[in-house]
Amino acid sequence: MIIGIPKETKNNENRIALTPDKVEILTQANHKVLIEENAGINSGFTNEEYNNAGASILPNPKEIYLNSNLIVKVKEPQPSEYEYLNKKTIMFCYLHLASNIELTKQLIKKNVTSIAYETIVNPNGKLNLLYPMSEIAGKMAALNAAQLLTNKSGGQGKLLSGVVGTLKAKILIIGCGTVGTNAALLANNMGADVTVSDINLTALSKIQELSNGQIKTIYSSPSNIKEIIVSSDVVIGAVLIPGYKAPKVVTSDMINKMKKNSVIIDVAIDQGGCVEGIKPTTHENPTYSSDGIIYYAVTNIPGIVGNTASISLSNNTFPYIRDIAKLGLNKLLNNKSFINSNGINTYAGFITNREVALSLNKNYTDINNLLENNN
Ligand SMILES: NC(=O)c1ccc[n+]([C@@H]2O[C@H](COP(=O)([O-])OP(=O)(O)OC[C@H]3O[C@@H](n4cnc5c(N)ncnc54)[C@H](O)[C@@H]3O)[C@@H](O)[C@H]2O)c1
């Protein structure tokens with residue numbers, strides 16, 4: 001198979017989808033790997049390293065898209081890349097289609113087979129390709145919280161941990177999955193006063209156990225969040241209902257009750273955000289202020305730790321890339337466990353992921369029906 005890796009184009013997106021060690025395994029298995037020139041530079045991997053791993057370096061994305069069967073990327077194609085999408089392409093990357101109708105329309109119009117990292121569920125029910133970036137985004141949310149509380153960032157001028165004779169800053173984290181757990185543990189280790197909220201009591205009991213009871217927990221109901229948010233200095237949104245647009249668990253009414261210069265970090269912004277009215281931001285301009293509240297809503301948080309994030313992502317996506325390359329699309333589509341992993345979001349001009357279709361108010365088509373008709 002010919003595997004293409006274009007350079008990422010999203011704002012401050014420094015990751016590359018595959019590291020040279022994984023590229024080498026693919027080329028040694030007689031696959032061809034095409035990499036856009038300098039695609040790995042910002043994550044610390046040179047053209048020479050990719051060349052030595054057996055990849056061919058091409059100067060522009062157009063040639064990569066035209067000549068590859070499988071395009072492996074980190075972030076969803078940006079509008080500037082739509083012209084390259086074509087029906088022979090299998091796209092394998094983060095897509096977040098539930099909050100991106102334009103991209104969905106493009107994938108349908110151009111009959112692209114798209115497989116989204118974030119909807120793939122492994123046999124144990126884990127979102128194992130969302131996991132590695134959520135781990136990073138969670139830790140970075142805690143680091144950002146510390147930074148955004150300072151006067152320099154327009155915050156309340158509070159030190160996250162406080163010092164003797166002062167109170168610790170209060171952080172409310174909504175959603176106790178991978179992002180929430182990583183944010184909570186790091187914020188707790190940095191000395192913050194952390195409360196975590198979820199509708200999953202098992203997740204809450206796990207975080208209590210992991211923190212030796214230091215992290216407080218509360219069931220996520222509108223009235224509980226309304227009560228706690230009043231005294232919170234930072235709110236971190238980390239909810240997910242896989243595949244769907246994020247539910248708005250923090251309403252404008254709740255935000256109006258928050259203290260001036262409090263901080264809201266919505267990590268779930270890539271799925272549309274779990275905070276009412278929030279707008280996506282970029283690493284270039286990561287925050288904005290509205291009615292006295294500081295909002296941080298960067299959609300590619302791990303993009304600025306390109307080296308760590310590329311290595312971690314590549315470690316996790318590689319087994320899938322190896323299998324897709326080995327089997328080819330046709331055999332892959334006869335592989336029940338792959339189909340059942342819920343990764344294929346669009347196929348042959350149809351939306352084949354139920355949650356995406358429902359979120360966008362579009363028709364869902366069971367991929368099994370499309371495959372039967374093709375056979
Ligand atoms: N902005 C970024 O750069 C970035 C990076 C990584 C992940 N993310 C996003 O962060 C979000 C969380 O990812 P994750 O890997 O932690 O997901 P996860 O599935 O591990 O955890 C989500 C948690 O939300 C909980 N939840 C669902 N509905 C809830 C509600 N109403 N109230 C409280 N909790 C609720 C679930 O029970 C679950 O524990 C996702 O939208 C993901 O795409 C964003």
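Predicted model: local features only at pLDDT ≥ 70, side-chain atom pairs only at ≥ 80, totals over all residues.
Which residue in β6 is the bridge partner of Cys 93? In β6, that partner is Ala 116.

Residue numbers start from 1 along each chain as its sequence is written. Helices (H or I, at least four residues) and strands (E, at least two) are DSSP runs, numbered from the N terminus. Two strands count as paired if DSSP finds at least two bridges between them.

Now for the sheet. Eight strands make up an open sheet with mixed pairing, in the order β3-β2-β1-β4-β5-β6-β14-β15. At its edges sit β3 (56-58) and β15 (350-351), each pairing on one side only.

| Strands | Sense | Bridges |
|---|---|---|
| β5 (residues 90-93) and β6 (residues 113-116) | parallel | four bridges |
| β6 and β14 (residues 344-347) | antiparallel | two bridges |
| β14 and β15 | antiparallel | two bridges |

One step along, Thr 346 has Ile 351 in β15 as its bridge partner. β14 and β15 form a hairpin with two residues between them, and Ala 348 in that turn has a positive phi of about 50 degrees.

There's a helix to look at too: α10 (residues 306-333) packs on the sheet and touches β1 (2-5), β4 (70-72), β5 and β6. Contact here means C-beta atoms, placed from the backbone, within 7 Å. The direction of α10 makes about 170 degrees with that of β5, where axes are lines fitted to C-alpha atoms (for helices over the stretch in contact) and angles run from 0 to 180 degrees between N-to-C directions.

Key:
Contact = placed C-beta atoms within 7 Å.
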